[in-house]
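Please work through the exercises below with the sequence and the coordinates at hand. Each task is followed by a solution that goes step by step.

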Amino acid sequence: MTGLLLSGFDLVTSLLATTAGAGAVTPANFWMPEGASIQAPRVDFAFDLINWINYVFFALIVIVMVWFCIRYRQRGKNVEFAPGPIHNTTLEVTWTVIPTLILIGIFFMGFTGYLDLYTPPKNSYDIKVTAQQWSWEFEYPNGAKSTDELVVPAGRPVRLVMRSKDVLHSLFIPDFRVKQDLVPGRYTYLWFESNAINDPDDPSDFRWLFCTEYCGKSHWNMNVQVKVFDDEAFETWTKDQARWLDMIDDQDLYFMAGPKLYARCVTCHSLDGSDGSGPSWGPRGGLGDLWARVTNGTGKVDGGRKSDGGKTLADYIGNGKLYGTAEDYIRNSIYDPGALLVSGFGNQMPTFEGQLNDRAIDALIGMMQHLDEFNADGTFKDQERVNAALARIEANKAAASQASMGVTEPAETETSD
Amino acid sequence: MTTIDTPRAGDIAGNPPVGGTGPVDNYLTWTKGALSWIFTLDHKRIGVMYLTGVLVSFLVGGLFALIVRTELIAPGKTFIEPETYNMFFTLHGAVMVFLVIIPSIPASLGNFVLPVMLGAKDVAFPRLNLFSFHLWMIGALFTVLALLLGGFDTGWTFYTPYSTKTDMGGVVPVLFGVFILGFSSIFTGLNFIVTVHKMRPPGMTWFRMPLFLWAIYATALIQILATPVLAITLMLVGLERAFQIGIFDAAMGGDPVLFQHFFWFYSHPAVYIMILPAMGIISDLIAVHSHRHIFGYSFIAYSSVAIAIFSFLVWGHHMFTSGQSALLNTIFSAITFSVAVPSAIKVFNWLATLYKGSIALNTPMLYALGFIFLFTIGGLTGIYLGTLNVDVHLHDTYFVVAHFHYVMMGSALIGFIGGLHHWWPKMFGRMYNETAGRIGFVLVFIGFNVTFFTQFMLGSQGMPRRYYDYKPEFEIYHLISTIGSYIMAAGFFLTAIYLLHSLFRGARAPANPWGGRSLEWQCTSPPPHDNFKVTPSVGDCYDFSVVRWSEEEHGYVIDRSKETDSSSGEGSGH
Amino acid sequence: MPVVTDSPISDQRTRLDAGRLGMLLFLLSLGMVFGATIIAYVVVRLQLVAENNWKPDDSPDFPWLLLLSTVLLLSSSATMHAAVSSARRGRPGRTVGGWMSVTCVLVLAFLVSQVVVWTDLALSNLVFDESLYAWMFYILTGLHALHVLFGLPPLALTTRSAWRGRYGPDPVSRPGLWHCSAYWHFLDGVWVVLFLVLAWGTRG
């Protein structure tokens with residue numbers, strides 16, 4: 001029985017695998033979303049098989065129940081007693097053994113499938129994942145970092161080496177059928193391989209990555225986009241990603257880098273004045289937007305202790321005070337967020353020291369200073385300036401690759417196969 | 001005006017009042033005043049007080065659920081902030097698990113019914129029983145205190161390190177509250193085990209006990225063995241929160257996953273603390289209302305104990321994606337499947353009991369049939385989650401939410417409501433309106449399925465649980481689910497109204513309104529203070545051949561002339 | 001001797017059996033508390049020893065004064081047993097009471113010895129919140145001491161009753177003494193396991 005199930009299952013999986021082929025996306029159905037990894041067909045097959053077994057058993061149970069209830073319904077109050085069997089060993093053994101055999105079959109199917117999910121192939125491409133409340137950071141072998149999207153190469157196994165900086169998180173990509181918790185104090189792994197290539201030029205072409213282990217206030221918002229690029233596009237992307245801040249001209253920094261960096265801040269800090277887990281960068285409490293509150297010194301702060309309220313930023317910023325300048329205050333608030341807390345907010349924000357360099361901080365401060373030039377969702381209003389800046393970036397890239405001619409790239413970033 | 005303790009014809013239930021003519025007393029009016037209730041040693045009064053507490057908690061927990069569902073009716077903010085939302089789903093879970101479902105059947109119905117079923121005057125240790133109830137009240141007060149001190153947003157699972165780091169003020173009070181509730185549960189279980197062991201009447205061997213008692217007994221074993229582990233675990237979490245050091249904290253070299261092991265070592269058996277008594281109730285309800293000897297008595301009895309034992313060995317199936325080793329995952333998956341078999345056996349036995357019965361579709365029976373329907377879905381969907389590679393996809397999504405609501409609410413709680421309707425006439429001596437009862441059931445049943453079946457689709461499509469907001473493609477499911485929850489709320493509201501109404505205006509209940517054979521149907525409704533003046537005679541509690549409808553009593557009577565003494569009252573089959 | 005009781009069980013012998021079963025179940029439950037804590041200790045130790053992160057380098061040696069505690073507690077168990085058996089043999093109240101009083105003294109001495117151990121360790125820089133080794137040591141010994149402390153009032157009451165000659169040869173006359181000694185032997189057994197586990201835990 002079990003063997004039969006297993007061999008039948010292998011047959012169908014191999015069929016699925018061949019039909020799925022290079023296109024590599026199984027369409028969404030009533031139960032499952034699109035399957036976009038090479039592991040998805042096997043999971044879906046197990047799911048569907050259990051589905052059909054369940055449909056049969058459920059229908060059987062309900063039909064028998066309803067039929068008995070109609071057939072043997074008591075009319076009036078009198079008990080029409082009819083002696084019937086109260087015990088039947090053959091029947092009882094039968095209905096114990098059959099479910100047991102079916103369940104053993106299902107167990108083996110799940111178990112072998114799980115070993116596939118669990119064991120990454122040897123030649124996998126490693127990406128380091130760091131989770132913290134409430135953002136993701138993906139670090140590539142060439143040092144490139146990404147926080148607003150996870151981009152992976154198509155057609156090769158990708159292994160995520162994951163850790164958490166604070167509480168439990170869990171990385172879940174529904175379309176890939178993979179999930180793994182991130183546990184503080186230890187590394188966990190997850191692997192997948194996808195051939196479902198996304199178009200790098202189409203921002204609406206992506207898949208979702210969710211956090212599925214409850215991690216606090218903005219748990220629901222801790223999700224980013226996943227994109228699968230072909231080798232060429234992936235190589236270009238990782239290269240650009242590694243030096244993207246340097247490729248932007250200084251005057252373009254705040255509106256080119258700002259929105260990209262802000263994607264990590266948006267889970268807690270809005271631009272439209274509504275407070276989230278953290279204070280909005282937009283106007284709040286009649287005191288203007290963040291930059292106005294800081295430069296005017298009107299923002300209310302708690303001095304790092306909730307009990308020590310009633311003070312404003314003016315008490316801390318200025319010559320001879322805790323922070324010499326407004327920029328110092330912002331920079332320190334990103335590196336050591338608990339030092340001075342805005343009134344009404346707890347010490348929730350993790351430090352970004354080591355993750356955001358001076359140039360990134362400059363970009364963010366620039367964005368705060370020119371908040372009126374941005375839409376509420378963090379995009380820059382003036383598309384023409386963006387286009388001009390993009391042209392300058394291309395020029396800088398060209399110049400940079402000229403300069404680096406002859407320098408060997410790190411092995412990891414080269415396309416293997 | 002006739003009072004509730006008007007004497008009834010004594011011989012209706014084979015237990016004549018002393019002297020044959022004196023009025024039968026009534027536990028409800030035995031003594032008067034609030035203190036006579038709060039410090040009563042009468043298991044029936046304690047049961048009724050538990051019942052009140054559980055139902056009030058159920059109302060509160062249900063309102064929290066409606067808040068959560070209403071927030072989710074459309075994407076974006078509907079009416080509360082994310083942190084408020086997180087607090088409400090946490091409160092909903094904690095209240096429903098610790099204050100409603102765990103005490104619902106054992107502590108309220110069990111307390112009332114168990115000694116009467118045994119023909120006993122009370123449980124073995126009445127003072128300890130009262131103490132359990134007081135502990136329960138204190139535990140409940142701490143939960144309220146937790147709310148007043150700022151609430152808590154840890155999820156009912158209290159996963160570390162979030163629970164030791166979050167800055168909400170209610171975490172320590174609620175941990176302490178659950179700790180105390182745990183003791184209440186342990187003492188109740190202890191009391192029941194001793195009662196079943198030492199107080200069975202002559203003639204009631206283990207295998208002639210009503211199946212509800214088997215279920216309560218198996219449950220009590222879990223209560224005394226698993227609950228202490230939860231108690232010490234929560235204490236360690238509390239200390240860890242206070243001193244910022246502990247074995248669950250990775251900063252010092254501790255291990256957050258260890259907490260999950262400990263937590264589920266209790267909380268998985270706790271699922272069976274919830275579902276086993278409900279299964280016991282259903283076994284008895286099906287037999288009584290179809291007036292048919294339960295099919296495969298010993299298989300059902302053994303499967304209760306088997307489930308109780310297996311329940312200690314499957315906790316790891318909550319942790320397939322937690323980072324525990326593949327070997328452990330495999331072992332836990334295998335044992336998990338083995339627990340499915342005794343559950344399936346029970347369902348088949350219930351169906352076989354219906355065969356050739358004389359099925360009266362009273363409200364309790366409707367709940368019992370509803371239970372079979374919902375429990376089948378809950379059990380079958382458990383198969384997906386026990387299957388390792390499928391669980392990886394489904395874990396921590398709405399699929400899990402739907403699955404455990406089918407088991408914990410659709411089964412455990414529906415079993416409780418069914419049992420409540422079954423024993424309500426016995427508890428309060430009044431009949432509720434049968435038509436209203438059936439309408440209430442239909443509303444609850446439809447509302448439940450609309451609410452939670454949609455969540456299976458949501459989950460398999462990839463919607464994670466405990467999310468304040470969601471992607472637009474999930475909107476239609478959430479909308480349907482929320483509408484379902486309103487239908488269900490309407491059903492429960494109606495149920496509350498007709499039950500309360502029956503207390504004042506309901507027709508007087510006969511001693512035996514359904515045609516039951518176990519001992520609780522042999523004393524008056526409501527039972528006298530001492531339950532039985534004379535130790536009742538024990539027959540086969542599933543032999544319905546002697547049950548007759550009596551127009552005069554407006555209830556069923558046992559036709560003594562037909563009673564056989566042997567337990568093989570019905571044909572012993574093929 | 002008429003005993004005022006709320007018990008619904010009329011037969012005295014059955015009532016005694018019920019009480020004993022109740023106590024055994026209670027101890028089983030308590031056993032799960034200690035069992036779980038000990039398992040937690042073992043798991044954490046194994047993990048941390050593997051990471052070389054278990055015992056701080058400057059932590060003091062295993063407090064061998066605990067050996068004295070062990071002897072004190074074991075003796076209290078023995079004197080408790082003597083009290084029970086002298087009651088069984090129908091000895092007068094002062095004999096039973098005398099053994100019980102010795103038990104009380106030994107138990108108090110045990111608690112004092114534990115306090116001395118803690119103070120000594122704290123003074124030799126084993127601070128509870130500086131390593132999991134210290135934390136777990138104090139948690140385990142503290143949990144046990146707490147249960148000993150909870151047992152003191154019933155122990156004192158039983159001793160008083162013993163002096164008054166309440167406990168005779170008929171088991172029905174001495175459920176109090178039986179419960180007290182069951183609890184005490186249990187705590188004694190737990191302590192021995194705890195002691196061995198702690199001694200093992202200190203290595204590495």
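This is a predicted model: local features need pLDDT of at least 70, side-chain atom pairs count only at pLDDT 80 or more; totals for chains, interfaces and linings use all residues.

**Exercise 1.** Determine how helix H2 and helix H15 of chain B are oriented towards each other, and which residues make their contact.

*Solution.* Begin with the geometry: the axes of H2(B), residues 43-71, and H15(B), residues 475-505, come within 9 Å and cross at roughly 155°. Angles over 145 degrees count as roughly antiparallel, and the two helices H2(B) and H15(B) are therefore roughly antiparallel to each other. The handedness of the crossing of H2(B) and H15(B) is left-handed. Turning to the residues, H2(B) contributes Gly62(B), Ala65(B), Leu66(B), Arg69(B) and Thr70(B), while H15(B) contributes Ser481(B), Thr482(B), Ser485(B), Ala489(B) and Phe492(B). Sorted by class, the residues of this contact of H2(B) with H15(B) are four nonpolar, five polar and one charged.

**Exercise 2.** Carry out the corresponding analysis for helix H7 and helix H9 of chain B.

*Solution.* The axes of H7(B), residues 211-243, and H9(B), residues 297-310, are 9 Å apart, and the helices pack at an angle of about 15°. Since angles under 35 degrees count as roughly parallel, H7(B) and H9(B) are therefore roughly parallel to each other. Their crossing is right-handed. On the side of H7(B), the contact involves Leu211(B), Trp214(B), Ala215(B), Ala218(B), Leu221(B) and Ile222(B), which meet Ile300(B), Ala301(B), Ser304(B), Val305(B) and Ala308(B) in H9(B). The class count for the contact of H7(B) with H9(B) is 10 nonpolar, one polar and no charged residues.

**Exercise 3.** Describe the sides that chain C presents to chain B and that chain B presents to chain A.

*Solution.* For the contact between chains C and B, 28 residues of chain C are in contact with 31 residues of chain B. On the chain C side, helix H1 (12-50) and helix H4 (132-163) each supply at least two residues, and the largest share, 19 residues, comes from H1(C). This side of chain C divides into 18 nonpolar, six polar and four charged residues.

For the contact between chains B and A, 81 residues of chain B are in contact with 75 residues of chain A. Several elements of chain B each supply at least two residues of the side that touches chain A, among them helix H3 (82-117), helix H8 (256-289) and strand E1 (547-550). The largest share of this side of chain B, 14 residues, comes from H10(B), and by class the side has 41 nonpolar, 29 polar and 11 charged residues.

**Exercise 4.** State the domain assignment of chain A and describe how domain 1 meets domain 2.

*Solution.* The assignment gives domain 1 (2-74 + 89-118), domain 2 (125-243) and domain 3 (250-403) of chain A. The C-alpha centres of domain 1 and domain 2 of chain A lie 31 Å apart, and 13 residues of domain 1 are in contact with 11 residues of domain 2. The side of domain 1 that touches domain 2 has nine nonpolar, three polar and one charged residues.

**Exercise 5.** Give the strand order of the five-stranded sheet of chain A, and identify the helix that packs on E4 and E10.

*Solution.* The sheet of chain A is open, with mixed pairing and the order E4-E10-E9-E6-E7. Its edge strands are E4 (149-153) and E7 (178-182) of chain A, each of which pairs on one side only. Direction ignored, neighbouring strands of this sheet are turned by 25° against each other on average. E4(A) and E10(A), residues 224-229, pair in the parallel sense over five bridges, and Glu149(A) stands opposite Gln225(A) in E10(A). Helix H4 of chain A, residues 231-247, packs on the sheet and touches E4 and E10 of chain A, its direction making about 135° with that of E4(A).

Notes: Residues are numbered from 1 along each chain as its sequence is written. Chains are lettered from A and ligands numbered from 1 in the order in which they are written. Axes are lines fitted to C-alpha atoms, for helices over the stretch in contact, and angles run from 0 to 180 degrees between N-to-C directions. Helices (H or I, at least four residues) and strands (E, at least two) are DSSP runs, numbered from the N terminus. Angles under 35 degrees count as roughly parallel, over 145 as roughly antiparallel, 65 to 115 as roughly perpendicular and the rest as oblique. A crossing is left-handed if the near helix is turned anticlockwise from the far one by less than a right angle, and right-handed if clockwise. Two residues are in contact if their C-beta atoms, placed from the backbone, lie within 7 Å. Ala, Val, Leu, Ile, Met, Phe, Trp, Tyr, Cys and Pro count as nonpolar, Asp, Glu, Lys and Arg as charged, and the others, Gly among them, as polar. Domain bounds come from an automatic or database domain assignment. Two strands pair if DSSP finds at least two bridges between them.
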